[in-house]
Amino acid sequence: MTGKEVRERFLKFFAERGHTVVASSNLIPKNDPTLLFTNAGMNQFKDLFLGLEKRDYIRACSSQKCVRAGGKHNDLENVGRTARHHTFFEMLGNFSFGDYFKKEAIAFAWEFLTKELKLDKSRLYVSVYKDDDEAAAIWHEQEGVALDRIYRFDEDNFWSMGDTGPCGPCTEIFWDNGPETGCSSPDCAVGCDCDRYMEIWNNVFMQFNRDEKGVMTPLPKPSVDTGMGLERISTVMQGVTSNYDTDLLQGIIRHVEKLSSKKYRTDQKDDVSMRVIADHTRALTFLICDGVLPSNEGRGYVLRRIMRRAARHAKMLGFSEPVLYRALDAVIAAMGEAYPDLIQREEYIKKVVRAEEERFAETLDNGLRILNDEMSTLKARGSKVIPGDVAFKLYDTYGFPLDLTADIVRNEGFTVDEAGFEACMDKQRAQAREHWKGSGEERVSAVYKTLHGQGLRTAFTGYDERSGYSVITALLKDGAPVQAAEAGAEVDLITETSPFYGESGGQAGDSGEISSGNAHLEVITTLKPLPDLVVHRARVKEGVIKVGDAVDLKVAVPNRTATARNHTATHLLQAALRQVLGEHVKQSGSLVNNERLRFDFTHFSAMTQEELVRVEDLVNAYIMNNSEVSSREMALAQAMESGATALFDEKYGDTVRVVRVGEVSCELCGGTHVRASGDIGLFKILSEAGIAAGVRRIEALTGMSALHYARHLEEEQKKIAALLKAEGGETVDRIQRLVARQKELQREIETLQGRLNASASADLLSGAREIAGIKTLAVKVEMDDPKGLRELSDTLKDRIGSGIIAIGTEKDGKATLLVVVTKDLTNRFKAGDLIKGLAPIIGGSGGGKPELAQAGGSMPEKLDEALEKLYELVG
């Protein structure tokens, strides 16, 4: 039975038993900053288990795509080396949200395995929590499992969502792979670490709620969360003992065989590399499809680690050119039917992968050379530990993730000083602004979920109205519900209906006013923490506002109108970018407010000035066409069939809103827009830049903001022309002549400086000392220009013939040191080693090559001491 058939049978089995089949969620978790990636089937149902959300079903099943590759740096090291370690896998699961419990869950699992899949009961074992007599009795009395096949374990069979909250015992089902796969120990049994008894299904019974003191009380509506790895159950169904021998991965391995002209199972090292590529290629394909891009932060860094480890194993297989993007063909062939997004985004995924492969190839050889040199040096010293600063340099300069370095040196018997590497990383983090504050989207405040669970909803009326009348249903102050608030208080206010747009989809929330007969509030911004809950963040200007008050709501129309211009312009911008750059362009983020728009999109190189002009002209042409902007709600499937553009990582409901601008643009969008494209007025691009690998960002203005910007540029140009006394179109010509004259003067200065250096070097060399037969010069000079300091060192080096020179200078309260060693002496002294002995004296650090090194420090008053130290080091 193929993996595809197992997946289909599982979902069909549970659908026939009243379960709603729920599509796999995105690998980027929603509303959960504790998670780097979706790593279990229950992630998308977490709020249902916590009682913070209600849906129109109480039974569900899914086949969830999962990635487990974050956390420690060495998480990847076992992938490809064992039978069951993966970065990407699929988790089959059935769930009960306060409906059925242990009896039914166990019956479903046993029926599916023994009747639907027809597994041999004599090779199945189960485990329960040590005190869970109820589960043990159900297995024995209901399903007929012999008592000697029911094992009781402690912490391995008790699950919790965290230190507090829902928790409970679990029961696991194991498959006996046969004695030939085991450890041959007479004590080998279920729970042994060997490969014989393989866990295939885990049923978690969320039975208790644990408080801060560790006290557990029964939940009023116990729930069930189960998980069965598709790869593992496929090994059972296909009679193999390694996940890599199932059809889920064999197709990719066979494709790699074809590309490499090597055979699997003929060389152990090649086998590991093929398995690594097969696993990692699946992971990177799905991660990129779901909107993750390689970077040095957060999820993007994990993706980069996966890609670069795979790229190195491709090199070990003999590939000298990028190949991972070609291996994607097999992944998409195997998984495209179950996950059609892969087919739709195939071109984009391949471009991202190839760009990253090419980027890594540029540095891989240099990095490997440095690593091999370091290992040779360490071997000569009898050491087997790669220093942390070397590993960090490979990471920072050459893009080697730590686990890749560890993977490379392991075969030579080396380890890496991880503590030293982390110290270097901590230092770098302290010096740079932290870009990534959490792994998932911003968490929705629990208080909003509680209110939502109590039935609070807001009907949004703002597509057609800018003002309205409603009743206050909740007030929050400092995150806690209150019944009233007085003047001066800042509150979150919820009403039954509202024309205010809550921040979502990249569009800023509305501002405006809310008033009752007794109070007046200024709405600072509006939030939408949940799809049907609008929260007005407001300041009470006067009076007292209370829950139950009838209020007038007025949106700040000028701000809303300006925001609408910018939002509609992003739709036109995406259409223009796709026309100019190609169909691979996809939105990967946006921000629209009343001041400007920002649009992030997938593209792999900086846009040329010509391309920017074409895009700008196209958008303005679309505006001048004055096309109608219309919207309508329809079923998601119908919207996608109509050609509507959707966001990569957005999870849409069954019904969606489609916004169309004439025949130019058609997108799924919940934002507010102008009535016709001509209302935008004018569109002007401010900037275009890269923000991550394969992602570009355009910032632009529309309407009056664009006009004011153009007027500002015009005024600046007039001022420049006045300063240059330029008339008509002479400004550029005048500036070009000024720049040419400046360059000419700079050359003259450099020529004069060279003559001065030549003259000064003769005087300076008269102060050289002979130390241990080596001409040594340490001298302090006045020099404003670093380039001039380098030229002086070159002159002195030429004139000294053979020797060692140190030059020090002070500028703006900082000290600079330069050390030069002539080539004939580098076998005895290296400039980089000498500078390390001098730099601490001036309160700094430095480094360099054997013939030239440089350091900087914050203690220029110690320059003389540092220069004198050179004579001591040489002697």
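This is a predicted model: local features need pLDDT of at least 70, side-chain atom pairs count only at pLDDT 80 or more; totals for chains, interfaces and linings use all residues.
Residues are numbered from 1 along each chain as its sequence is written, and side-chain values use heavy atoms, with hydrogens and water left out.

**Figure 1. Overview of the protein.**
The protein has 23 helices and 34 strands; helices (H or I, at least four residues) and strands (E, at least two) are DSSP runs, numbered from the N terminus. Along its principal axes, the C-alpha trace spans about 100 × 80 × 55 Å. Of the 875 residues, 50% count as buried; buried means under 20% relative accessible area, exposed over 50%, and partly exposed in between (1.4 Å probe, protein chains only). The accessible surface comes to about 41100 Å², of which 47% belongs to carbon and sulfur atoms; accessible areas come from the Shrake-Rupley method with a 1.4 Å probe, and for residues only the protein chains shown count as cover. Among contacts (heavy atoms within 4.5 Å) between residues at least 6 apart in sequence, 68% join residues at least 24 apart.

G182 is partly exposed, with a relative accessible area of 24%. Leaving aside residues up to four places away in sequence, G182 touches C194 and R196. The C-alpha atoms of G182 and L293 are separated by 41 Å, and these residues are 111 places apart along the chain.

**Figure 2. The β-α-β unit of β30, α21 and β31.**
Strand β30 (residues 774-780), helix α21 (residues 786-800) and strand β31 make a right-handed β-α-β unit. A crossover is right-handed if, with the strands pointing away from the viewer, the path from the first strand over the helix to the second runs clockwise. Strands β30 and β31 run parallel and are joined by five bridges, where two strands pair if DSSP finds at least two bridges between them. T776 stands opposite I804 in β31. In α21, the buried residues are G788, L789, L792, S793, T795, L796 and I800. Seen down the axis of α21, these buried residues fall within an arc of 160°, so they line one face of the helix; the arc is that of the directions from the helix axis to the C-beta atoms. At 1.5 Å a residue, the 15 residues of α21 should span 21 Å, which agrees with the 21 Å between its end C-alpha atoms; the expected span is 1.5 Å times one less than the number of residues. Just after α21, G801 takes a positive phi of about 80°.

Six of the eight residues of strand β31 (residues 804-811) are buried, and the strand is mostly covered. Eight bridges connect β31 with strand β32 (residues 814-821), and the two run antiparallel.

**Figure 3. The buried side of helix α23.**
In helix α23 (residues 863-874), the buried residues are L863, A866, L867, L870, Y871 and V874. They cover an arc of only 160° around the axis, which puts them on the same side of α23. Their cover includes β29 (769-771), β30, β31, β32 and α22 (831-838).

**Figure 4. The hairpin of β33 and β34.**
Strands β33 (residues 844-848) and β34 (residues 852-857) run antiparallel and are joined by five bridges. The bridge partner of G846 in β34 is A855. Three residues link β33 to β34 in this hairpin.

**Figure 5. Two loop residues with positive phi.**
S261 is found in the loop between α6 (247-260) and α7 (268-289), and it has a positive phi of about 60° although it is not a glycine. S261 is exposed, with a relative accessible area of 67%. N626 lies in the loop between α17 (609-625) and β24 (629-635). Phi of N626 is near 55°, a positive value in a residue other than glycine. N626 is partly exposed, with a relative accessible area of 44%.
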